[in-house]
Structure formats: structure tokens, C-alpha cells
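Biologist: I would like to learn how to read a few features of a model. Please take a helix and then a sheet.

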Amino acid sequence: MTTISASEVNKLRQMTGAGMMDCKNALVETNGDFEAAVDFLRKKGAKIAAKRADREATEGCVIALTNDSRSAGVIVLVSCETDFVAKNENFVAMAKGIAQVALENKPADVDALKALSIDGVTIADRLMEEVAKIGEKIDVTKYELVEGANVVSYIHGANRMGVLVELNNAANDANHTAGKDVAMQIAAMNPVAVNRDSVDAKTIERELEIGREQARAEGKPEAMIDRIADGKLQKFFKESTLLAQDFVKDGSMTIEKYLSGVEPGLTVSSFKRVQLG
């Protein structure tokens, strides 16, 4: 058996961040070959990740950012198991790096994102290395891309939520500030759609059915049920669609009115909201 010195174990630990015993076992298994030992640890990381697949990764770091021209933005959620890891500087830096790669390459989905590389190592393998080093389930679990004339990003609550807002007019300082306000509105009020026209038919039917059942439970005459349900649907549109919501910073106006006051014709084309949990 190859004799492995403490200095060699420490060297591999510094290279990989893995635990002392894991490094020693890797060097023993590979007869002191550092490159093979790194591969051994990465393979072990993959096994750890598989073993922990049923663990809940309810903590993590949400990064939202846009490019310099504000023509594109991304939200990336890198999840983990504990708040301690989520707040770690290295973990946050890794999440920011992954988000930057996503912004530069605009992959189609999470799998395509994890196939991209940072410093010659795929994101998927980088995540496996973190699993081996930290011992928690770590993964990219959500990824959103928005492209348009004017995209604004916002991160809320120490990287616990990210929002992207696509405005229809060309970017300038005034509507960028307005976009931030709208993003904070989305973070706080969690609208289901931009306006009533963009609410999907399934949601509308569900709200109508809930309204009907509520009216029946209140003992309303059957002839009035549909009219009451429609009234409740209109209230839903008011409370749950972004442009119709009251502006949280000034309840005297809706978001639609606020934006038109900032710049004639300014409105929201789309938005994305990603939250931990």
C-alpha cells in the first residue's frame, strides 16, 4: 500500500476543499495520483448527491441580474439545505458566477445551464464538488431568462427572492427607477399575471368556481350565483394582476397609472419572480 503523508493529504484538501479523511482515502485508492484522486473525489461527490436526493434543499441563494444594455436578465436559484451555507460568502459568489454565465450564454433551461463551464469545469461538476466539500444537497433548481427592450432586476431579502421586470419602452434613468418600484411591488404582492388578459383560462375558471361555491355556502339564490361569482372574479383581477393593483408606495394610484405618469405609454410586458421555499 502506498504511504500517504499528511502534507499530501493537506495539499489535496487545499485543492478540492474535501474533508481530510476523504482526501486520504482518495489518495490511498489512487496510489498517490493527485489527478486521479480529484476524479475519485468528484465521483464520490456524485454518489453523495445521489444519496441526498431525497433531502429537502429549502435554503439557497437567488441571484437576479441584467446585462449593461438592459436587454436581457436572468434569475438563478442555487439551493442548499441550511441557512448557514446559503449565507456563506463562497456559496453566494458561486451563485453569482453561475448567474453571470447564464446571462452571457442564455441557455434554454436548467440542464443546459449546468452543461456550461466556469474556468474549464462544467457547472454540474462544480456543484458536485460543493456537495463533496460541504456535505449538503446543492443544485441549480430554478432559472429564468427575460429579454426585451428594457429589463430591470431586483433582489429582495438577502438573496431570498429575485424579480425581473420587462418594460416596453427603451431604457432610461426614469423608467429604470420605475422598474425597480414595480419589481418591489411584485416581490411584495406576488401578482399572478401582468393584466386580466394574461390570466390563463384555467385560473379564471377556478376563481369562478370558488366564487360560485362561496355564494352557495352563503345561501344566495341560484339565479344570482353566476353574477356573484363574476363579481368575485373582478375583485380577483384587481387584487392579483399587476397593472390593476394599488401601488404599494402610493395607494391612490394603480401600477398602470403610476407607470403612465412616469412616461406616456410605459407599461410592463412581462415579469418573473423566483422565491426560496
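Biologist: Which exposed residues does the face of H2 turned away from its buried side carry?

Modeller: Exposed means over 50% relative accessible area, buried under 20%, and partly exposed in between (1.4 Å probe, protein chains only). Helices (H or I, at least four residues) and strands (E, at least two) are DSSP runs, numbered from the N terminus. On that face of H2 the exposed residues are Met 21 and Glu 29. This is a predicted model: local features need pLDDT of at least 70, side-chain atom pairs count only at pLDDT 80 or more, and totals for chains, interfaces and linings use all residues. Residues are numbered from 1 along each chain as its sequence is written, and side-chain values use heavy atoms, with hydrogens and water left out.

Biologist: Which residues are buried in H2?

Modeller: Within helix H2 (residues 20-29), Cys 23, Ala 26 and Leu 27 are buried. They lie on the same side of H2 because they cover an arc of only 95° around the axis, taken from the directions from the helix axis to the C-beta atoms. Just after H2, Asn 31 has a positive phi of about 55°.

Biologist: In what order do the strands form the open sheet?

Modeller: Strands of a sheet pair through backbone hydrogen bonds, either parallel or antiparallel. Two strands count as paired if DSSP finds at least two bridges between them. Here 3 strands form an open sheet in the order E1-E2-E5, with antiparallel pairing. Strand E1 (59-66) and strand E5 (139-147) are the edge strands, each pairing on one side only.

Biologist: How many bridges join strand E2 to E5?

Modeller: Strand E2 (residues 72-80) is joined to E5 by 8 bridges. Gly 73 has Val 146 in E5 as its bridge partner.
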